[in-house]
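Take a look at this protein chain. Read through it once before you start on the questions.

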Amino acid sequence: MPEVMRFRFAPSPTGFLHIGGVRTALFNWLLAKQSKGRFVLRIEDTDKERSTQESINAILDGMKWLGLDWDEGPNVDGEYGPYFQSQRSDIYQKYIDQLLDEGKAYRCFCSKEELDAKRKLAEEKKENYVYDRTCLHLSEEEIQKNLEQKKPFAIRLKVEPQDIGFTDLIRGPIDFKKYNFDDFIIVRPDTTPVYNFAVVIDDALMHITHVLRGDDHISNTPRQILIYRALGLPIPEFGHLPMILGSDGSRLSKRHGATAVQQYKEEGYLPQTLINFLAKLGWSYDDAQEIFSIKELIEKFSLDKVSKNPAVFNIKKLLWMNGEYIKKLSLKEKYELCKPYFIKSEFLTEIEYKEKQDYVFKVLELVGDRLKVLADISTIVDFLFKETIEYVEKDYNKFIKQEFVLDFFKSLLAKLESLTDFNKKNVETVFLSTIEKMGLHTGKAMQAVRVAIVGRASSPDLVSSIVLLGKEIILQRLNKIITLES
């Protein structure tokens, strides 16, 4: 076995790359980097009906976007491939034949109907169902006859009651004392190996030294150990991560928000945010530090500080953290990252986005630290790009319907119209002097202007927004309110 520590992430491409899977990949990746070991990506695509190329692409793209590069796996040469289970059938067959030849496994010709009937009988007797080994006792002649008749069969591992235990890297000793496993199936009647068999062969032949995965796999571990023992293969160390719960304490699902990595990418979360946030889900370095660089995570991560208890996915914390990471971006970085949202919202075409770079820079400077997710840019600055703005009804009624607004806007219009230099200082002077002269409440007056210019009662700095929009548009929008309210 190689001297280096070898970790793996082995997703099934039956859906998109989900948050729980990413955390598992991340913890394995961090330990591989920390130990100067190897991180292997393996695609477990034996479920032919549910596995799709779209899902495979989503997994690979998601991993690349997050920066979780693999040392061996799809599109990366490695000496222990292939790294798709669907391409490893001949390898599995070799070990199936070995178990059959050694009498450690046997063919089971029992039909589904026969097995269902036995299971139902056990239920009626209120007994735990255990396969009765009917096919273990078939003679060679009976087996040969069934094979000649092409009778479908599964393959079962022959299991004797025994102690099965292992020291979990997170939970400590886990024992299954004298546990009576039945002779469980390792190959289905359609000739495909079951998960527990294929994963043992793959992990052994890929020299995986540490299997770190979700705690929903704890029940799989004893069966896998039985297969390792039957084949005389070295058993890796196992560690089982606590599950991720939603804020209501139930298992994380779509009702708690996005669960697929692609959704977070589309909403404008940064990959470094997700990495930082997921590292903290179930692991804690200390009680104070929340923000970690990749370098810090590699240096400080350790399994002894991974909790045995479920981790709670706090979307508010994720949002806060993303805002903190966005604050650290340079203006040029924001310009590049916000491009898809400007184009998708049809504020600018791709060509215009490049041609009007200086203007976009000014827009991003105006937004400042308000961005929590990149997609928010579309709703924060829409008023700067739309010819016709829509008013939020409750804001319009609250601030435009005030008695002073009509006279105030008419006075503003006259003074702004006469401004030859439409800069921030001059515009601000006009507003404040008009408000003072008319004896108005500054907050209420400025909110009325904001609703007239922006369409709602919230926006980036109002005066800066007015200057950026330009004199002509501001006069048009004030005039529109005067017309509507006259």
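Questions and answers on the fold follow.

This is a predicted model, where local features need pLDDT of at least 70, side-chain atom pairs count only at pLDDT 80 or more, and totals for chains, interfaces and linings use all residues. Residues are numbered from 1 along each chain as its sequence is written, and side-chain values use heavy atoms, with hydrogens and water left out.

Q: How many helices and strands does the chain have?
A: Helices (H or I, at least four residues) and strands (E, at least two) are DSSP runs, numbered from the N terminus. Counted that way, the chain has 21 helices and 11 strands.

Q: What share of the residues in the chain is buried?
A: Buried means under 20% relative accessible area, exposed over 50%, and partly exposed in between (1.4 Å probe, protein chains only). Of the 486 residues, the buried share is 49%.

Q: Which residues touch the most other members of the largest nonpolar core?
A: A nonpolar core is a set of buried Ala, Val, Leu, Ile, Met, Phe, Trp, Tyr and Cys residues joined through side-chain atoms within 4.5 Å. The largest one holds 109 residues. Helix 1 (residues 19-34) gives the largest share, 9 residues. The residues that touch the most other members are Met63, Phe342, Val381 and Phe409.

Q: Leaving aside neighbours within four places in sequence, which residues is Met63 in contact with?
A: Contact means heavy atoms within 4.5 Å. With those neighbours set aside, the partners of Met63 are Phe9, Leu17, Ala25, Phe39, Leu41, Leu68 and Trp70.

Q: Which residue in strand 2 stands opposite Phe9?
A: Two strands pair if DSSP finds at least two bridges between them. Strand 1 (residues 6-9) and strand 2 (residues 38-41) pair in the parallel sense over 4 bridges. Phe7 and Phe9 point one way from strand 1, Arg6 and Arg8 the other way, and all are buried. Opposite Phe9 stands Leu41.

Q: Which strands stand at the edges of the open sheet of 3 strands?
A: The strand order is 3-4-7, with antiparallel pairing. Each edge strand has a single partner strand, so one side of each is left without a neighbour in the sheet. The edge strands are strand 3 (105-108) and strand 7 (185-187).

Q: Is Lys150 buried or exposed?
A: Lys150 lies in the loop between helix 5 (140-148) and strand 4. Its phi is positive, about 55°, although Lys150 is not a glycine. At 73% relative accessibility, Lys150 counts as exposed.
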